[in-house]
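Dear colleague,

I am passing on the structure we spoke about, with the sequence alongside. Please have it open while you read the notes that follow.

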Amino acid sequence: MIANIVKPGHKTRGVLNYLYGPGRANEHTDPHLVASWDGFAPDPGRDPDATLAQLATALDLRVKQAGDRAPKNHVWHCSIRAAPEDPMLNDEQWATIARRVLNATGIAPAGDPDACRWVAVRHADDHIHIVATKVRGDLRPPRNWNDYLHSDNELAAIEKEYGLRQVPRGDRTAAKRPTRAEQEKAHRVGNARTARERLRTTVRTALAAATAPEEFFRILKGSGVLVDIQHFPSGDIRGYKVALDGDTNAQGQPVWFSGSTLAPDLSYPKIADRLATSDTASVFPPESAAWLRLTQAVDRMPDHIAHDDDGAGQAHIVVLAETLDALPIVAPANLQPQLVHAAAAFERASRSRIRARHQQAQATRRAVKAILREPAPKDGALLAILLDAVLLAVVAAQHWHRTRDHSQQAEAARQAAEHLRSAYQAAAAEPLAVLHQRGSRLPESVRRHQANTLRQALPDLADQILAEPGWPALAATLAAVRSAGHNPGTLLVEAATQRELDTATSVSEVLTWRMARLNDLALDSASRTDSTSSAVPAAALATPSSSRPGSRRRG
């Protein structure tokens, strides 16, 4: 169940008009009361002699009595919605749920004769609306501080007691959802996403590309976003706000969003902390290509996430989100939609109540930014290897969140993994086909030798792997490993023990990419690169609204 407590208003009759009316799309059916403060409130839906004016007057009685002492916005409005798969609740059950939520929030504590006046209206099978006026019988306001958190906790208990779907609960680190007005405005102008969502994506992508606050703002401005930087009297930056060019209010002024209203981790202090330079030396050799360096870094992420302390683990998850934000800029066009969706989904998984110690992941962050400044590889093998590593890291992040009861973040990581699997399969198809052809052309004696190597290294998995369509590609990789002067059997054992394989749909594919990473192979000449410019394309951040939203397993 989900509660939605809207901003307090001052028109009791207006809210009732909506609840008892046809709705915005004639979706309201049989509006009626399921409960009220005393059980005797007039019900215009079932009593032909009752009117909305009478119900509004009864609810507002204490507001009138309080006069100037009544709060200006005295209407408290909360909707409670069941999940689509939940059984249909009857009016009596909804009445009980309404009373429990009112008690939990402090609007109408159980047994309190001076509690606020309220009604619960049902005009659909799956939800109710609770309307209360925030003046008690003693003419004081109720103590309903933190009402959303209290209502959410009560609904979690109700879900268990009634056998309803247990909705993943948040930790108040989620980005703010678009308002109804923002959604309707986007629909009117033909955009699939609201200005808030589009700006959030642009700011996150700029942050993934930037190496310093000054460059962050420069990239934002270059992407076509309006940027207003606020300063302290000392001249230091205090904060910033952004707006879409052409997105204006009724007065013709830009509709600004501060970074913190886009997402909790996009405030200027959080951005400055993330971009702060670190003295930690890179663990990668300076001559490594950027893509290989990032692949090596991401390949280590699951171990960091699983075994480092929580602050370091959270830091690596943040950098993993930056990796996903950066990939759509440099990936081939056919992969961009799924990568965009993966980044949008994982955005929720990048934050928790655990404070990230960003200095622990600075080397990986530098590797992320480097791929935006160096040419991308021509063939798809290295990209497929990187996506395979990113997918393993995302699944590790999902497990990390699940073990810490971060249910929303774990679900977000799961959704991101689904999109990544699709992107990986598309990226891997061509290089796997090439490897398959190479493996099929190997002399029979070489194929038998590779099969014997496999049986000796992985006796429990050998029969399964030899029967898979991906075995020829793995055989070609084993031959390449031997040609490079390494022991294929040793690397096979290391690749198999490095990650669990029980949940993989193609063990041979998993081992192909893992051995490539372990052997630092590009499989097909990673040194061949595109001759395009190495500068960060600021225009790439201005993604069209239609294309950007947002154990270990692969396959």
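Predicted model: local features only at pLDDT ≥ 70, side-chain atom pairs only at ≥ 80, totals over all residues.

Three of the strands make up an open sheet in the order β6-β7-β8, with antiparallel pairing. Because β6 (225-231) and β8 (257-258) stand at the edges and have a single partner strand each, one side of each is left without a neighbour in the sheet. Strand β7, which covers residues 237-244, pairs with β8 in the antiparallel sense over two bridges, and V242 stands opposite F257 in β8. Helix α7 (residues 195-209) packs on this sheet, where it touches β6, β7 and β8, and its direction makes about 125 degrees with that of β7.

Aromatic pairs

The structure holds four aromatic pairs. In one of them, F216 and Y240, the ring centres are 5.8 Å apart and the planes stand at 85 degrees, and since planes over 60 degrees apart count as edge-to-face, the pair is of that kind. F216 lies in helix α8 (residues 213-222) and Y240 in strand β7, so the pair ties together parts that are 24 residues apart in sequence. Both partners fall under the 20% limit for buried residues: F216 is buried at 0% relative accessibility, and Y240 is buried at 2%. These two residues also belong to one aromatic cluster, which is formed by F216, F217, Y240 and Y268.

Salt bridges

Side chains of opposite charge can pair when their charged atoms come close, and the count here comes to 27 salt bridges. I describe a few of them below.

The side chains of R46 and D30 meet in a salt bridge at 2.7 Å, N to O. R46 lies in the loop between β2 (32-36) and α2 (52-59), whereas D30 lies in the loop between α1 (12-20) and β2, so the pair ties together parts that are 16 residues apart in sequence. R46 counts as partly exposed at 48% relative accessibility, and D30 counts as partly exposed at 43%.

A salt bridge also joins the side chains of R404 and D310, at 2.9 Å, N to O. Here R404 lies in the loop between α15 (381-403) and α16 (407-440) and D310 in helix α12 (residues 310-330), so that this pair ties together parts 94 residues apart in sequence. R404 is partly exposed at 27% relative accessibility, and D310 is partly exposed at 34%.

Within helix α17 (residues 444-457), E444 and R448 are four residues apart, which means that about one helical turn separates them, and their side chains meet in a salt bridge at 3.8 Å, N to O. E444 is partly exposed, with a relative accessible area of 42%, and R448 is partly exposed at 49%.

Finally, there is a network of salt bridges that links R204, D265, R274, E322, D325, E347, R351 and R365.

Conventions
Residues numbered from 1 in each chain as written. Heavy atoms only, no water. Pairing = 2+ DSSP bridges. Contact = heavy atoms within 4.5 Å. Axes fitted to C-alpha atoms, helices over the stretch in contact; angles between N-to-C directions. Phe/Tyr/Trp six-rings, centres within 6.5 Å; stacked < 30°, edge-to-face > 60°. Buried < 20%, exposed > 50% of the residue type's maximum accessible area, 1.4 Å probe, protein only. Salt bridge = Lys/Arg side-chain N within 4 Å of Asp/Glu carboxyl O.
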